[in-house]
Amino acid sequence: MNKNLAIYGGPKTIDKNFDWPVYNETDVDVVAQIVRSGKWGNPDCGDEVEAFEKEFAAYCGSRYALTCVNGSVALRLALIACGVKPGDEIIVPPYTFIATASIVIEANCVPVFVDIDPNTYNISPAQIEKAITKRTKAIIPVHFAGQACDMDAIMAIAGKYNLRVIEDSAHGHGAEYKGKKLGSIGDAGCFSFQSSKNLTSGEGGMVVTNDEALYDRMNSLRNVGRVKGGQWYEHHYAGCNYRITQMQAVLLSNQLKNLPDQTARRHQNGTYLNSLLEKIDGIKPLARGGGETVHCYHIYIFRYDKSKFNNLSKVDFAKILAAEGVPCFMGYPEPLYRQPLFQEKNFLCYAIPDYVDYSQVYCPVTEKACHEEAVWIFQNTMLGTKADMEKFAEAILKIQKVSLLDY
Ligand SMILES: Cc1ncc(COP(=O)(O)O)c(C=O)c1O
(Lines give C-alpha, C1' and ligand atoms only; values in the text may rest on other atoms or scores of the structure.)
Protein backbone atom coordinates (compact mmCIF):
# COMPACT_ATOMS: atom_id res chain seq x y z
CA MET A 1 0.00 0.00 0.00
CA ASN A 2 1.78 3.09 -1.23
CA LYS A 3 0.45 6.38 0.17
CA ASN A 4 1.53 8.21 -2.97
CA LEU A 5 -1.27 6.53 -4.95
CA ALA A 6 -4.58 8.42 -5.03
CA ILE A 7 -6.46 5.21 -4.13
CA TYR A 8 -4.65 5.24 -0.76
CA GLY A 9 -5.05 8.99 -0.16
CA GLY A 10 -2.21 10.41 -2.30
CA PRO A 11 -2.64 13.23 -4.84
CA LYS A 12 -4.59 12.47 -8.01
CA THR A 13 -2.61 12.72 -11.25
CA ILE A 14 -5.53 14.47 -12.93
CA ASP A 15 -8.50 16.08 -11.24
CA LYS A 16 -10.99 17.05 -13.91
CA ASN A 17 -14.60 16.32 -14.79
CA PHE A 18 -15.12 15.10 -18.31
CA ASP A 19 -18.78 15.99 -18.89
CA TRP A 20 -21.13 13.86 -20.96
CA PRO A 21 -23.46 14.56 -22.63
CA VAL A 22 -22.21 17.90 -23.91
CA TYR A 23 -25.04 20.35 -24.65
CA ASN A 24 -25.89 24.02 -24.89
CA GLU A 25 -28.97 26.26 -24.89
CA THR A 26 -29.81 25.46 -28.51
CA ASP A 27 -30.43 21.84 -27.43
CA VAL A 28 -32.80 23.07 -24.75
CA ASP A 29 -34.53 25.41 -27.22
CA VAL A 30 -35.20 22.82 -29.94
CA VAL A 31 -36.72 20.41 -27.44
CA ALA A 32 -38.77 23.19 -25.80
CA GLN A 33 -40.18 24.19 -29.18
CA ILE A 34 -41.46 20.68 -29.78
CA VAL A 35 -42.89 20.48 -26.30
CA ARG A 36 -44.76 23.74 -26.90
CA SER A 37 -45.96 22.63 -30.34
CA GLY A 38 -47.79 19.65 -28.82
CA LYS A 39 -46.54 17.51 -31.76
CA TRP A 40 -44.55 15.05 -29.70
CA GLY A 41 -44.95 12.08 -31.98
CA ASN A 42 -47.36 10.35 -34.27
CA PRO A 43 -47.77 7.02 -36.01
CA ASP A 44 -45.86 8.17 -39.07
CA CYS A 45 -43.22 9.33 -36.61
CA GLY A 46 -43.63 13.00 -37.48
CA ASP A 47 -41.83 15.56 -39.64
CA GLU A 48 -38.89 16.07 -37.31
CA VAL A 49 -38.21 12.35 -37.15
CA GLU A 50 -38.24 12.12 -40.94
CA ALA A 51 -36.04 15.20 -41.24
CA PHE A 52 -33.46 13.71 -38.88
CA GLU A 53 -33.54 10.40 -40.75
CA LYS A 54 -32.77 12.24 -43.98
CA GLU A 55 -29.92 14.16 -42.35
CA PHE A 56 -28.42 11.01 -40.87
CA ALA A 57 -28.72 9.10 -44.15
CA ALA A 58 -26.92 11.93 -45.94
CA TYR A 59 -24.27 12.07 -43.21
CA CYS A 60 -23.59 8.35 -43.60
CA GLY A 61 -23.80 8.40 -47.39
CA SER A 62 -26.68 5.87 -47.31
CA ARG A 63 -29.95 6.05 -49.23
CA TYR A 64 -32.24 5.33 -46.28
CA ALA A 65 -32.17 5.78 -42.52
CA LEU A 66 -34.78 4.57 -40.08
CA THR A 67 -34.97 5.57 -36.42
CA CYS A 68 -36.15 3.20 -33.71
CA VAL A 69 -36.18 2.96 -29.92
CA ASN A 70 -32.62 1.71 -29.40
CA GLY A 71 -29.59 0.06 -30.97
CA SER A 72 -30.68 -3.45 -29.96
CA VAL A 73 -33.97 -3.03 -31.80
CA ALA A 74 -32.10 -1.56 -34.78
CA LEU A 75 -30.10 -4.81 -35.03
CA ARG A 76 -33.21 -6.91 -34.51
CA LEU A 77 -35.16 -5.09 -37.22
CA ALA A 78 -32.28 -5.44 -39.67
CA LEU A 79 -31.77 -9.14 -39.02
CA ILE A 80 -35.45 -10.06 -39.23
CA ALA A 81 -35.96 -7.91 -42.33
CA CYS A 82 -33.08 -9.80 -44.00
CA GLY A 83 -35.43 -12.79 -44.08
CA VAL A 84 -33.62 -15.16 -41.72
CA LYS A 85 -35.40 -18.38 -40.74
CA PRO A 86 -35.45 -20.29 -37.40
CA GLY A 87 -32.20 -22.18 -36.90
CA ASP A 88 -30.14 -20.06 -39.29
CA GLU A 89 -26.64 -19.36 -38.03
CA ILE A 90 -25.44 -15.79 -37.58
CA ILE A 91 -21.76 -15.06 -37.02
CA VAL A 92 -20.97 -12.61 -34.20
CA PRO A 93 -17.90 -11.72 -32.14
CA PRO A 94 -17.82 -12.65 -28.42
CA TYR A 95 -16.18 -9.36 -27.41
CA THR A 96 -19.20 -7.06 -27.64
CA PHE A 97 -22.31 -5.97 -25.80
CA ILE A 98 -24.92 -8.70 -25.23
CA ALA A 99 -27.38 -7.19 -27.73
CA THR A 100 -25.24 -8.18 -30.73
CA ALA A 101 -25.90 -11.83 -29.88
CA SER A 102 -29.17 -11.75 -27.91
CA ILE A 103 -31.09 -10.22 -30.83
CA VAL A 104 -30.02 -13.27 -32.83
CA ILE A 105 -31.80 -15.48 -30.28
CA GLU A 106 -34.81 -13.15 -30.48
CA ALA A 107 -34.93 -13.87 -34.20
CA ASN A 108 -34.92 -17.65 -33.43
CA CYS A 109 -31.46 -17.91 -34.94
CA VAL A 110 -28.20 -19.30 -33.59
CA PRO A 111 -25.32 -16.98 -32.68
CA VAL A 112 -21.99 -18.52 -33.74
CA PHE A 113 -19.11 -16.88 -31.90
CA VAL A 114 -16.00 -16.11 -33.89
CA ASP A 115 -12.91 -14.81 -32.11
CA ILE A 116 -11.45 -11.34 -32.45
CA ASP A 117 -8.11 -10.27 -33.84
CA PRO A 118 -5.57 -9.80 -31.01
CA ASN A 119 -4.31 -6.52 -32.46
CA THR A 120 -7.62 -4.74 -33.13
CA TYR A 121 -10.21 -6.60 -30.99
CA ASN A 122 -12.48 -6.71 -34.05
CA ILE A 123 -13.86 -9.96 -35.48
CA SER A 124 -11.17 -11.91 -37.37
CA PRO A 125 -12.09 -12.45 -41.05
CA ALA A 126 -9.86 -15.56 -41.23
CA GLN A 127 -11.82 -17.12 -38.36
CA ILE A 128 -15.16 -16.14 -39.93
CA GLU A 129 -14.50 -18.24 -42.97
CA LYS A 130 -13.70 -21.30 -40.83
CA ALA A 131 -17.05 -20.96 -38.99
CA ILE A 132 -19.27 -20.92 -42.09
CA THR A 133 -21.65 -23.86 -42.55
CA LYS A 134 -24.58 -24.43 -44.88
CA ARG A 135 -26.82 -22.88 -42.22
CA THR A 136 -24.90 -19.57 -42.04
CA LYS A 137 -27.00 -16.63 -43.27
CA ALA A 138 -25.41 -13.45 -41.95
CA ILE A 139 -22.41 -11.85 -40.28
CA ILE A 140 -22.73 -9.10 -37.68
CA PRO A 141 -19.30 -7.44 -37.48
CA VAL A 142 -19.01 -4.97 -34.60
CA HIS A 143 -16.85 -1.91 -35.15
CA PHE A 144 -15.67 -2.24 -31.63
CA ALA A 145 -14.86 0.95 -29.74
CA GLY A 146 -15.28 2.92 -32.97
CA GLN A 147 -12.52 1.20 -34.95
CA ALA A 148 -13.55 -0.11 -38.38
CA CYS A 149 -13.58 -3.86 -38.98
CA ASP A 150 -11.72 -5.25 -41.98
CA MET A 151 -14.73 -4.60 -44.21
CA ASP A 152 -13.07 -5.52 -47.54
CA ALA A 153 -12.31 -9.00 -46.23
CA ILE A 154 -15.75 -9.36 -44.59
CA MET A 155 -17.64 -8.22 -47.70
CA ALA A 156 -15.55 -10.58 -49.86
CA ILE A 157 -16.45 -13.55 -47.61
CA ALA A 158 -20.11 -12.49 -47.60
CA GLY A 159 -20.09 -12.30 -51.41
CA LYS A 160 -18.45 -15.72 -51.72
CA TYR A 161 -21.00 -17.48 -49.45
CA ASN A 162 -24.03 -15.27 -50.21
CA LEU A 163 -24.37 -13.93 -46.66
CA ARG A 164 -25.96 -10.73 -45.40
CA VAL A 165 -23.76 -8.26 -43.50
CA ILE A 166 -25.27 -6.17 -40.70
CA GLU A 167 -22.73 -3.75 -39.30
CA ASP A 168 -23.10 -3.20 -35.58
CA SER A 169 -22.07 0.45 -35.56
CA ALA A 170 -23.38 1.17 -32.06
CA HIS A 171 -19.88 2.53 -31.28
CA GLY A 172 -19.18 3.88 -34.73
CA HIS A 173 -20.94 7.24 -35.30
CA GLY A 174 -18.84 9.31 -37.67
CA ALA A 175 -15.98 6.82 -37.99
CA GLU A 176 -14.84 5.77 -41.45
CA TYR A 177 -13.38 2.84 -43.34
CA LYS A 178 -11.48 3.84 -46.49
CA GLY A 179 -13.42 7.11 -46.55
CA LYS A 180 -16.85 5.48 -46.11
CA LYS A 181 -18.89 6.02 -42.97
CA LEU A 182 -19.23 2.92 -40.79
CA GLY A 183 -22.68 1.44 -41.21
CA SER A 184 -22.88 2.33 -44.89
CA ILE A 185 -20.87 -0.62 -46.24
CA GLY A 186 -22.89 -3.76 -45.46
CA ASP A 187 -26.56 -4.54 -46.18
CA ALA A 188 -27.50 -2.50 -43.11
CA GLY A 189 -25.71 -0.51 -40.41
CA CYS A 190 -27.13 -0.17 -36.91
CA PHE A 191 -26.48 2.65 -34.44
CA SER A 192 -27.33 3.27 -30.80
CA PHE A 193 -28.17 6.68 -29.31
CA GLN A 194 -28.16 5.37 -25.72
CA SER A 195 -26.76 7.82 -23.18
CA SER A 196 -23.11 6.74 -23.25
CA LYS A 197 -22.86 6.82 -27.06
CA ASN A 198 -20.98 9.44 -29.12
CA LEU A 199 -24.33 10.73 -30.43
CA THR A 200 -27.16 10.49 -27.94
CA SER A 201 -30.70 11.45 -27.02
CA GLY A 202 -30.69 9.35 -23.85
CA GLU A 203 -32.03 6.36 -25.77
CA GLY A 204 -32.67 5.71 -29.45
CA GLY A 205 -31.43 3.75 -32.45
CA MET A 206 -31.03 3.93 -36.22
CA VAL A 207 -30.59 1.61 -39.17
CA VAL A 208 -29.06 2.84 -42.44
CA THR A 209 -29.29 0.90 -45.69
CA ASN A 210 -29.21 1.30 -49.47
CA ASP A 211 -31.67 -1.56 -49.96
CA GLU A 212 -35.21 -0.29 -50.54
CA ALA A 213 -36.90 -3.64 -49.87
CA LEU A 214 -35.03 -4.01 -46.59
CA TYR A 215 -35.95 -0.44 -45.63
CA ASP A 216 -39.66 -0.97 -46.38
CA ARG A 217 -39.77 -4.13 -44.33
CA MET A 218 -37.94 -2.57 -41.38
CA ASN A 219 -40.24 0.44 -41.58
CA SER A 220 -43.24 -1.83 -41.34
CA LEU A 221 -41.77 -3.87 -38.47
CA ARG A 222 -41.11 -0.61 -36.60
CA ASN A 223 -44.70 0.47 -37.08
CA VAL A 224 -46.76 -2.54 -35.89
CA GLY A 225 -46.65 -4.17 -39.33
CA ARG A 226 -48.39 -1.32 -41.19
CA VAL A 227 -47.39 -0.75 -44.81
CA LYS A 228 -47.26 2.32 -47.05
CA GLY A 229 -50.75 3.08 -48.35
CA GLY A 230 -52.34 0.49 -46.04
CA GLN A 231 -55.28 1.05 -43.71
CA TRP A 232 -54.78 2.07 -40.07
CA TYR A 233 -55.79 -1.33 -38.71
CA GLU A 234 -54.13 -3.35 -41.45
CA HIS A 235 -51.01 -5.24 -40.28
CA HIS A 236 -48.79 -7.24 -42.61
CA TYR A 237 -45.91 -8.33 -40.33
CA ALA A 238 -45.42 -9.20 -36.66
CA GLY A 239 -43.95 -5.80 -35.88
CA CYS A 240 -44.24 -3.63 -32.82
CA ASN A 241 -44.24 0.04 -31.89
CA TYR A 242 -40.53 0.89 -32.02
CA ARG A 243 -40.93 4.57 -32.93
CA ILE A 244 -39.02 7.45 -31.32
CA THR A 245 -40.44 10.83 -30.30
CA GLN A 246 -40.09 14.18 -32.03
CA MET A 247 -38.20 15.48 -28.95
CA GLN A 248 -35.51 12.86 -29.52
CA ALA A 249 -35.33 13.67 -33.23
CA VAL A 250 -34.71 17.40 -32.80
CA LEU A 251 -32.18 16.79 -30.04
CA LEU A 252 -30.29 14.28 -32.20
CA SER A 253 -30.43 16.60 -35.18
CA ASN A 254 -28.97 19.47 -33.15
CA GLN A 255 -26.33 17.20 -31.60
CA LEU A 256 -25.39 15.86 -35.04
CA LYS A 257 -24.07 19.32 -35.92
CA ASN A 258 -21.29 18.84 -33.35
CA LEU A 259 -20.43 15.28 -34.31
CA PRO A 260 -17.89 16.00 -37.10
CA ASP A 261 -15.79 18.28 -34.87
CA GLN A 262 -16.09 15.97 -31.89
CA THR A 263 -15.09 12.97 -33.99
CA ALA A 264 -12.06 14.80 -35.38
CA ARG A 265 -11.00 15.67 -31.84
CA ARG A 266 -11.46 12.10 -30.62
CA HIS A 267 -9.43 10.80 -33.56
CA GLN A 268 -6.67 13.31 -32.86
CA ASN A 269 -6.55 12.70 -29.10
CA GLY A 270 -6.69 8.92 -29.56
CA THR A 271 -3.83 9.05 -32.03
CA TYR A 272 -1.78 11.21 -29.68
CA LEU A 273 -2.49 8.96 -26.69
CA ASN A 274 -1.34 5.98 -28.77
CA SER A 275 1.97 7.70 -29.39
CA LEU A 276 2.41 8.26 -25.63
CA LEU A 277 1.29 4.85 -24.41
CA GLU A 278 3.25 2.81 -26.91
CA LYS A 279 6.41 4.10 -25.21
CA ILE A 280 5.40 2.52 -21.88
CA ASP A 281 6.75 -0.97 -21.29
CA GLY A 282 3.76 -3.26 -20.65
CA ILE A 283 1.15 -1.05 -22.37
CA LYS A 284 0.07 -1.59 -25.98
CA PRO A 285 -2.61 0.52 -27.67
CA LEU A 286 -4.77 -1.44 -30.11
CA ALA A 287 -3.35 -1.50 -33.63
CA ARG A 288 -4.48 1.03 -36.20
CA GLY A 289 -4.09 1.25 -39.93
CA GLY A 290 -6.38 -1.56 -41.04
CA GLY A 291 -8.29 0.70 -43.43
CA GLU A 292 -9.93 2.92 -40.85
CA THR A 293 -9.57 6.50 -42.05
CA VAL A 294 -11.40 7.96 -39.05
CA HIS A 295 -11.53 6.29 -35.62
CA CYS A 296 -14.21 7.79 -33.36
CA TYR A 297 -12.89 6.30 -30.10
CA HIS A 298 -16.18 5.44 -28.50
CA ILE A 299 -13.82 3.66 -26.11
CA TYR A 300 -10.06 4.12 -25.92
CA ILE A 301 -8.70 0.61 -25.32
CA PHE A 302 -5.18 -0.39 -24.44
CA ARG A 303 -3.69 -3.78 -23.65
CA TYR A 304 -2.10 -4.23 -20.23
CA ASP A 305 0.69 -6.65 -19.36
CA LYS A 306 0.80 -7.25 -15.64
CA SER A 307 4.29 -8.76 -15.76
CA LYS A 308 5.60 -5.21 -16.28
CA PHE A 309 3.62 -3.99 -13.25
CA ASN A 310 4.88 -6.44 -10.62
CA ASN A 311 1.94 -8.77 -11.41
CA LEU A 312 -0.67 -6.23 -10.33
CA SER A 313 -3.93 -7.69 -11.67
CA LYS A 314 -5.75 -5.89 -14.46
CA VAL A 315 -8.78 -5.34 -12.22
CA ASP A 316 -6.68 -3.69 -9.50
CA PHE A 317 -4.70 -1.72 -12.06
CA ALA A 318 -7.91 -0.28 -13.55
CA LYS A 319 -9.22 0.66 -10.09
CA ILE A 320 -5.95 2.38 -9.18
CA LEU A 321 -5.87 4.21 -12.53
CA ALA A 322 -9.47 5.39 -12.09
CA ALA A 323 -8.59 6.70 -8.64
CA GLU A 324 -5.74 8.67 -10.24
CA GLY A 325 -8.47 10.55 -12.15
CA VAL A 326 -8.43 8.66 -15.47
CA PRO A 327 -12.07 7.63 -16.13
CA CYS A 328 -11.51 3.97 -16.96
CA PHE A 329 -12.79 0.47 -16.40
CA MET A 330 -11.70 -3.16 -16.84
CA GLY A 331 -14.27 -3.73 -19.63
CA TYR A 332 -16.21 -6.95 -20.18
CA PRO A 333 -15.38 -9.45 -17.43
CA GLU A 334 -16.18 -12.50 -19.62
CA PRO A 335 -16.66 -13.41 -23.29
CA LEU A 336 -20.35 -13.29 -24.25
CA TYR A 337 -20.69 -17.07 -24.64
CA ARG A 338 -19.97 -17.46 -20.92
CA GLN A 339 -23.12 -15.53 -19.99
CA PRO A 340 -25.85 -17.64 -18.30
CA LEU A 341 -28.08 -16.92 -21.32
CA PHE A 342 -25.85 -19.18 -23.42
CA GLN A 343 -24.34 -21.57 -20.85
CA GLU A 344 -27.73 -22.38 -19.31
CA LYS A 345 -29.59 -22.11 -22.64
CA ASN A 346 -32.14 -19.77 -21.09
CA PHE A 347 -33.88 -19.30 -24.43
CA LEU A 348 -37.42 -19.14 -22.99
CA CYS A 349 -39.92 -19.12 -25.86
CA TYR A 350 -37.34 -18.85 -28.63
CA ALA A 351 -37.00 -21.84 -30.95
CA ILE A 352 -33.28 -22.56 -30.74
CA PRO A 353 -32.35 -26.07 -32.01
CA ASP A 354 -31.51 -28.64 -29.31
CA TYR A 355 -28.06 -29.39 -30.73
CA VAL A 356 -26.89 -25.88 -29.83
CA ASP A 357 -24.35 -26.05 -27.00
CA TYR A 358 -22.09 -23.23 -25.84
CA SER A 359 -20.36 -25.16 -23.06
CA GLN A 360 -17.33 -25.99 -25.21
CA VAL A 361 -16.96 -22.63 -26.97
CA TYR A 362 -13.55 -21.10 -26.29
CA CYS A 363 -12.18 -18.02 -28.05
CA PRO A 364 -8.66 -17.51 -26.65
CA VAL A 365 -8.14 -13.93 -27.78
CA THR A 366 -11.41 -12.78 -26.22
CA GLU A 367 -10.65 -14.73 -23.04
CA LYS A 368 -7.32 -12.93 -22.74
CA ALA A 369 -8.84 -9.53 -23.51
CA CYS A 370 -11.48 -10.00 -20.79
CA HIS A 371 -9.37 -11.62 -18.10
CA GLU A 372 -5.92 -10.09 -18.51
CA GLU A 373 -5.44 -7.43 -21.06
CA ALA A 374 -8.11 -4.89 -22.03
CA VAL A 375 -8.50 -1.60 -20.16
CA TRP A 376 -11.11 0.90 -21.37
CA ILE A 377 -10.90 4.67 -21.07
CA PHE A 378 -14.30 6.34 -21.58
CA GLN A 379 -15.15 8.29 -24.72
CA ASN A 380 -15.91 11.65 -23.06
CA THR A 381 -12.22 11.94 -22.09
CA MET A 382 -11.32 11.90 -25.78
CA LEU A 383 -12.93 15.35 -26.07
CA GLY A 384 -10.30 16.61 -23.63
CA THR A 385 -7.02 18.38 -24.36
CA LYS A 386 -3.58 17.21 -25.41
CA ALA A 387 -2.44 17.95 -21.84
CA ASP A 388 -5.15 15.56 -20.54
CA MET A 389 -3.73 12.78 -22.71
CA GLU A 390 -0.29 13.48 -21.25
CA LYS A 391 -1.74 13.21 -17.74
CA PHE A 392 -3.27 9.82 -18.61
CA ALA A 393 0.16 8.54 -19.65
CA GLU A 394 1.70 10.09 -16.54
CA ALA A 395 -0.83 8.30 -14.31
CA ILE A 396 0.08 4.93 -15.84
CA LEU A 397 3.79 5.62 -15.40
CA LYS A 398 3.17 6.61 -11.78
CA ILE A 399 1.41 3.29 -11.10
CA GLN A 400 4.20 1.38 -12.83
CA LYS A 401 6.89 3.10 -10.80
CA VAL A 402 5.06 2.55 -7.51
CA SER A 403 4.11 -1.03 -8.33
CA LEU A 404 7.74 -1.94 -8.83
CA LEU A 405 8.42 -0.74 -5.27
CA ASP A 406 5.26 -1.51 -3.34
CA TYR A 407 1.59 -1.09 -4.10
C1 LIG B 1 -21.77 -3.00 -29.60
C2 LIG B 1 -23.18 -2.67 -29.20
N3 LIG B 1 -24.20 -3.12 -29.94
C4 LIG B 1 -25.48 -2.84 -29.63
C5 LIG B 1 -25.79 -2.08 -28.53
C6 LIG B 1 -27.23 -1.86 -28.20
O7 LIG B 1 -27.60 -0.53 -28.15
P8 LIG B 1 -28.79 -0.04 -27.19
O9 LIG B 1 -28.26 0.00 -25.80
O10 LIG B 1 -29.14 1.31 -27.72
O11 LIG B 1 -29.90 -1.00 -27.33
C12 LIG B 1 -24.77 -1.58 -27.73
C13 LIG B 1 -25.07 -0.75 -26.55
O14 LIG B 1 -24.31 -0.54 -25.66
C15 LIG B 1 -23.42 -1.89 -28.05
O16 LIG B 1 -22.41 -1.46 -27.30
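This is a predicted model: local features need pLDDT of at least 70, side-chain atom pairs count only at pLDDT 80 or more; totals for chains, interfaces and linings use all residues.
The chain is assigned two domains: domain 1 (6–20 + 259–405) and domain 2 (25–256). Their centres, taken over C-alpha atoms, are 25 Å apart. Domain 1 contributes 36 residues to the contact, and domain 2 contributes 40 residues. On the domain 1 side, α9 (259–277), β11 (292–294), β12 (299–304) and α12 (364–373) each supply at least two residues. That side comprises 25 nonpolar, 10 polar and one charged residues.

The largest nonpolar core has 117 residues. Within this core, A74, L77, A78, L79, I90 and V207 have the most contacts. Helix α3 (residues 71–81) gives the most to the core, with eight residues. Both domain 1 and domain 2 give residues to this core, so it lies between them. Beyond its neighbours within four places in sequence, A74 contacts C68, C190, F191, G205, M206 and V207. In soluble globular proteins, nonpolar side chains tend to be buried together.

Backbone geometry was examined next. Most residues other than glycine have a negative phi, and most peptide bonds are trans. The peptide bond from W20 to P21 is cis, with omega near 0°. P21 sits in the segment before α1 (25–37). Y121, not a glycine, has a positive phi of about 65°. Y121 is found in the loop between β3 (110–113) and α5 (125–131). Y121 counts as buried because it has 26 C-beta neighbours inside 10 Å. K345, also not a glycine, has a positive phi of about 50°. K345 is placed in the loop between α11 (340–343) and α12. With 15 C-beta neighbours inside 10 Å, K345 counts as partly exposed.

Definitions and conventions. Residues are numbered from 1 along each chain as its sequence is written. A nonpolar core is a set of buried Ala, Val, Leu, Ile, Met, Phe, Trp, Tyr and Cys residues joined through C-beta atoms within 7 Å. A residue is buried if 20 or more other C-beta atoms lie within 10 Å of its own, exposed if 12 or fewer, and partly exposed in between; C-beta atoms are placed from the backbone. Helices (H or I, at least four residues) and strands (E, at least two) are DSSP runs, numbered from the N terminus. Domain bounds come from an automatic or database domain assignment. Two residues are in contact if their C-beta atoms, placed from the backbone, lie within 7 Å. Ala, Val, Leu, Ile, Met, Phe, Trp, Tyr, Cys and Pro count as nonpolar, Asp, Glu, Lys and Arg as charged, and the others, Gly among them, as polar.
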